[in-house]
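Here is a brief report on one protein model with a ligand. Please keep the sequence and coordinates open while reading.

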Amino acid sequence: MSMKIPFIKSKQAVNADFDVTENIPDHVAIIMDGNGRWAEKRGLPRIAGHKEGVKAVMNVVRAANHAHVKVLTLYAFSTENWNRPKPEIDFLMKLPKEFLHIYLPELMENNVKIDTIGDFAALPAHTQKAVKYAKDKTKDNDGLLLNFALNYGSRYEIMQAIKQIMDDVDCNKVSVDAIDEDIFSEYLYTNGLSDPDLLIRTSGEKRLSNFLLWQLAYSEFWFTDVLWPDMDEKVFNEALKDYQNRKRRYGGI
Ligand code: V07
């Protein structure tokens, strides 16, 4: 049954001008780009853009929740981001705690589960501690899975999967003949998750930047010039509406 919800011109209900029951992507992945540019445009330091970007994260979590998206994977920090100036890295590493301090109660109320992909052990101890607390606290929630890519790099992920699979071949836990795409996928950080149906990148750049190279093989891509701190439920829903009109082929015809 399809259910159209009328467009209501109020701040709370901007989300409802599309069919919320039909062809919603299970898994949306987002490259949250344009924070630095947002700040520079205003004559502010780059970190002001990152701070503003935290609010946009919550806008999109609410939108994904309203649309009954099951998994939202957000590229928060890449393995390449360690090349940034140290003060910027230090600031970024405090954002998980800041985000959780403000929003964890709302996430709990909405049954959201928090998880991460990436090299978690290489994060600063204070960052690990804040995020681990939130993962533990939300582990039994069965609503939206809010999955942060933190210290994530796709080539590294694939390489460590290969090394682990070779170890398992060495000690006869898996035979080379048995290795197929499904088994290989179990060695990636995203083990157990379906591949993203939709990738969104903000700020007009059209690159993957080492994000989910394996998992995005058949995904639909959607780009917008909106800078990440300006991202809101309305823009997110434009992406969903566009997705609803696409015909997916998975390499077939
Ligand atoms: C970060 C804000 C969004 C724009 C992109 C870069 C800056 C939320 C988190 C986060 C991560 C883990 C977690 C809870 C929140 C975050 C970093 C950067 C490193 F459990 N936003 N955000 N982490 N930005």
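## Model and conventions

This is a predicted model: local features need pLDDT of at least 70, side-chain atom pairs count only at pLDDT 80 or more, and totals for chains, interfaces and linings use all residues. Residues are numbered from 1 along each chain as its sequence is written, and side-chain values use heavy atoms, with hydrogens and water left out.

## Nonpolar cores

The largest nonpolar core holds 49 residues. A nonpolar core here is a set of buried Ala, Val, Leu, Ile, Met, Phe, Trp, Tyr and Cys residues joined through side-chain atoms within 4.5 Å. Buried means under 20% relative accessible area, exposed over 50%, and partly exposed in between (1.4 Å probe, protein chains only). I30, L72, F99, L107, L146 and F236 have the most contacts inside this core. Two or more residues each come from β1 (27-31), α2 (46-66), β2 (71-78), α3 (86-109), α4 (125-137), β4 (145-152), β5 (198-201) and α7 (233-244). Helices (H or I, at least four residues) and strands (E, at least two) are DSSP runs, numbered from the N terminus. The largest share, 10 residues, belongs to α3.

F236 touches V28, I30, V60, A63, A64, V69, L72, I200 and M231, not counting residues up to four places away in sequence. Contact means heavy atoms within 4.5 Å. A second, separate core has 10 residues, including A29, Y75, A149 and L199.

## Ligand site

Which residues come nearest to the ligand? They are N35, L92, L95, F99 and F148, out of 18 around it. A residue counts as near if one of its heavy atoms lies within 4 Å. Alone, the ligand exposes 500 Å², and the protein buries 98% of that (Shrake-Rupley method, 1.4 Å probe).

α2, β2, α3 and β4 each supply at least two residues of the shell around the ligand. Helix α3 gives the largest share, five residues.

T127 is found in helix α4. T127 is buried, at a relative accessible area of 1%. Beyond its neighbours within four places in sequence, T127 is in contact with M93 and P96.

I47 belongs to helix α2. Is I47 buried or partly exposed? At 32% relative accessibility, I47 counts as partly exposed. Leaving aside neighbours within four places in sequence, I47 contacts E88 and F91.
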